[in-house]
Amino acid sequence: MANNPLDTTLLDRAIIFAVKAHSGTERRGKGFPYIVHPMEAMEIVSTITNDQELLAAAALHDTVEDTHVTIGIIREEFGDRIADLVEAESDVFVEGVSEEDSWHERKKAALERLAKATRNVKIVAMGDKLSNMRAIARDYAEQGDEFWNLFHVKNKSDHAWRYRGLVEALRDLSGTAAFSEFERLVNQVFNE
């Protein structure tokens, strides 16, 4: 049986844009192309919604944070709604302060923003955070506490604080398979 026709023009453009933006980059310490992560985030979002703009935002979610792309470029290429979703998922860096020194402050602010965010922002965030948590669970199971040395902040308890905060900030999505998996993995890694 053939697949039903579906207009995926916007999503197709977003995927191609993300592939080009992340071209030639590796996911930190993974040895595979960075684009695998945004594609997994998009797939996770698709388990919650079929909204093409949310799927596109998931595909694009790291372009502003991790590439040369600006939020203005995203807004011009994909419109306000997608740009706002991508911006909501982008880390806000502190000028003149290292990533390590500003980590706690940035993550606290991000948790506060996410807790107050719309359901759509939380859906896109869930794609990103669950993809990250899957990788953390796999790598931690293989490497143990040495795994935390990949990060700017190397203390497991700092990551536990953040991911437990993410569970609470994303609790509006309870009842979805993605949230259930996310909460289970957070408990698995950080409640040892």
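Helix α3 passes helix α8 in a right-handed crossing, a term used when the near helix is turned clockwise from the far one by less than a right angle. The contact, meaning heavy atoms within 4.5 Å, is made by Leu 54, Ala 57 and Ala 58 of α3 together with Asn 120, Ile 123 and Val 124 of α8. These residues divide into five nonpolar, one polar and no charged, where Ala, Val, Leu, Ile, Met, Phe, Trp, Tyr, Cys and Pro count as nonpolar, Asp, Glu, Lys and Arg as charged, and the others, Gly among them, as polar.

This is a predicted model, in which local features need pLDDT of at least 70 and side-chain atom pairs count only at pLDDT 80 or more, while totals for chains, interfaces and linings use all residues. Residues are numbered from 1 along each chain as its sequence is written, and side-chain values use heavy atoms, with hydrogens and water left out.

The axes of α3 (residues 52–60) and α8 (residues 119–143) come within 9 Å and cross at roughly 45°, which makes α3 oblique to α8. Angles under 35 degrees count as roughly parallel, over 145 as roughly antiparallel, 65 to 115 as roughly perpendicular, and the rest as oblique.

Helix α2 (residues 36–46) also packs with α8, at an angle of about 125° and with the axes 8 Å apart, and the two helices are therefore oblique to each other. Here too the crossing of α2 past α8 is right-handed. Among the residues making this contact are His 37, Glu 40 and Ile 44 of α2, and Met 126, Asp 128 and Arg 134 of α8. The residues of the contact of α2 with α8 divide into seven nonpolar, four polar and four charged.

Val 86 lies in helix α6 (residues 80–89) and, at 0% relative accessibility, counts as buried, that is, under 20% relative accessible area with a 1.4 Å probe and protein chains only. Leaving out residues up to four places away in sequence, Val 86 touches Ala 57, Leu 60, His 61, Val 64, Ile 71 and Ile 74.

Lys 107, found in helix α7 (residues 99–116), counts as buried at 11% relative accessibility.

Notes:
Axes are lines fitted to C-alpha atoms, for helices over the stretch in contact, and angles run from 0 to 180 degrees between N-to-C directions. Helices (H or I, at least four residues) and strands (E, at least two) are DSSP runs, numbered from the N terminus. Buried means under 20% relative accessible area, exposed over 50%, partly exposed in between (1.4 Å probe, protein chains only).
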